[in-house]
Amino acid sequence: MALLLMLIIGVWGFLFAALVYGILFAIFRKQKEDFRKDSNENVIVSPVNGRVYKIEKNVDHEFFGKDMTSVLIQVPFWKEFGLFFPVKSEIHDVQASCDSCLDHLVKFRLVNGMDIGLAVGQNILRLAPQIMVLPGDRGKQKVNFGFLPMGGEVRVFIPSALEVLINEKDEVVAGQGILAGIPTDIEEK
């Protein structure tokens, strides 16, 4: 089709056809591998595709608790926008944005009783994330539970008792980028 347009219209026809093909390819691309088939219950994986922007230790949050490690992941608008369970867990609490906190908050309760928090922020266009879980819902690691339109920021709150295994400026892939390890003999603080 691109060659036909090039013969009819010229170089501009070829460039137009290549641009349309590139846009359609970006929209309808398929992942090469279903990353949900392999799970490791001893790690916390990235809930989104993006880049680790900042890691803060000893953070206190009124919803997630005290003495947490915060991992801020920026999701560009050209990445896939799904939100995935970071670990096999149960949804303990969900809070939509309010005047004091524009983030949507989700608290995951692990089998050992620890809580992992997710603060999903709005993007630059002020499009709110779509979170499709309620307290009591359970999910395996890497299961989709929401959508982040046009990118944004996701902050993962990890208890400080767990060792963070990622560095700032690292690229993470949803369900594959390991954020922290969960030792089998961990005790809740």
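Colleague: Is Lys-169 buried or exposed?

Modeller: Apply the cut-offs: buried is under 20% relative accessible area, exposed is over 50%, and partly exposed lies in between (1.4 Å probe, protein chains only). Lys-169 has 64% relative accessibility, so Lys-169 counts as exposed. Its phi is near 75°, a positive value in a residue other than glycine. Lys-169 sits in the loop between strand E12 (163-164) and strand E13 (171-172). Helices (H or I, at least four residues) and strands (E, at least two) are DSSP runs, numbered from the N terminus.

Colleague: What should I know about the source?

Modeller: This is a predicted model: local features need pLDDT of at least 70, side-chain atom pairs count only at pLDDT 80 or more, and totals for chains, interfaces and linings use all residues. Residues are numbered from 1 along each chain as its sequence is written, and side-chain values use heavy atoms, leaving out hydrogens and water.

Colleague: What is the phi of Asp-67?

Modeller: Near 55°, again positive in a residue other than glycine. Asp-67 belongs to strand E3 (residues 65-75). With a relative accessible area of 27%, Asp-67 is partly exposed.

Colleague: Now the whole chain. How many helices and strands are there?

Modeller: Two helices and 14 strands. Of the 189 residues, 41% count as buried. Now take contacts, meaning heavy atoms within 4.5 Å. Among those with a separation of 6 or more, 68% join residues 24 or more positions apart.

Colleague: Which residues touch the most other members of the largest nonpolar core?

Modeller: A nonpolar core is a set of buried Ala, Val, Leu, Ile, Met, Phe, Trp, Tyr and Cys residues joined through side-chain atoms within 4.5 Å. The largest has 32 residues, and Val-71 and Val-156 touch the most other members. Strand E2 (50-61), E3, strand E6 (104-109), strand E7 (115-120), strand E11 (152-159) and strand E14 (178-181) each give two or more residues to this core. A second, separate core has seven residues, including Phe-63 and Phe-157. Leaving out residues up to four places away in sequence, Val-71 touches Val-52, Ile-55, Val-156 and Leu-179, among others.

Colleague: And the salt bridges: how many does the structure hold?

Modeller: Side chains of opposite charge can pair when their charged atoms come close. The criterion is a side-chain nitrogen of Lys or Arg within 4 Å of a carboxyl oxygen of Asp or Glu. The structure holds four. One of them joins Arg-51 and Glu-171, with the closest N and O atoms 2.7 Å apart. Arg-51 is in strand E2 and Glu-171 in strand E13, so the pair ties together parts 120 residues apart in sequence. Arg-51 is partly exposed at 40%, and Glu-171 is partly exposed at 44%.

Colleague: Which residue does Arg-155 pair with?

Modeller: Glu-56, with the closest N and O atoms 3.2 Å apart. This pair links strand E11 to strand E2, so it ties together parts 99 residues apart in sequence. Arg-155 is partly exposed at 22%. Glu-56 is partly exposed at 29%.

Colleague: How far apart are the closest N and O atoms of Arg-138 and Glu-90?

Modeller: They are 3.3 Å apart, and the two residues form a salt bridge. Arg-138 lies in strand E9 (residues 138-139) and Glu-90 in strand E5 (residues 89-95), so parts 48 residues apart in sequence are tied together. Arg-138 counts as exposed at 69%, whereas Glu-90 is partly exposed at 29%.
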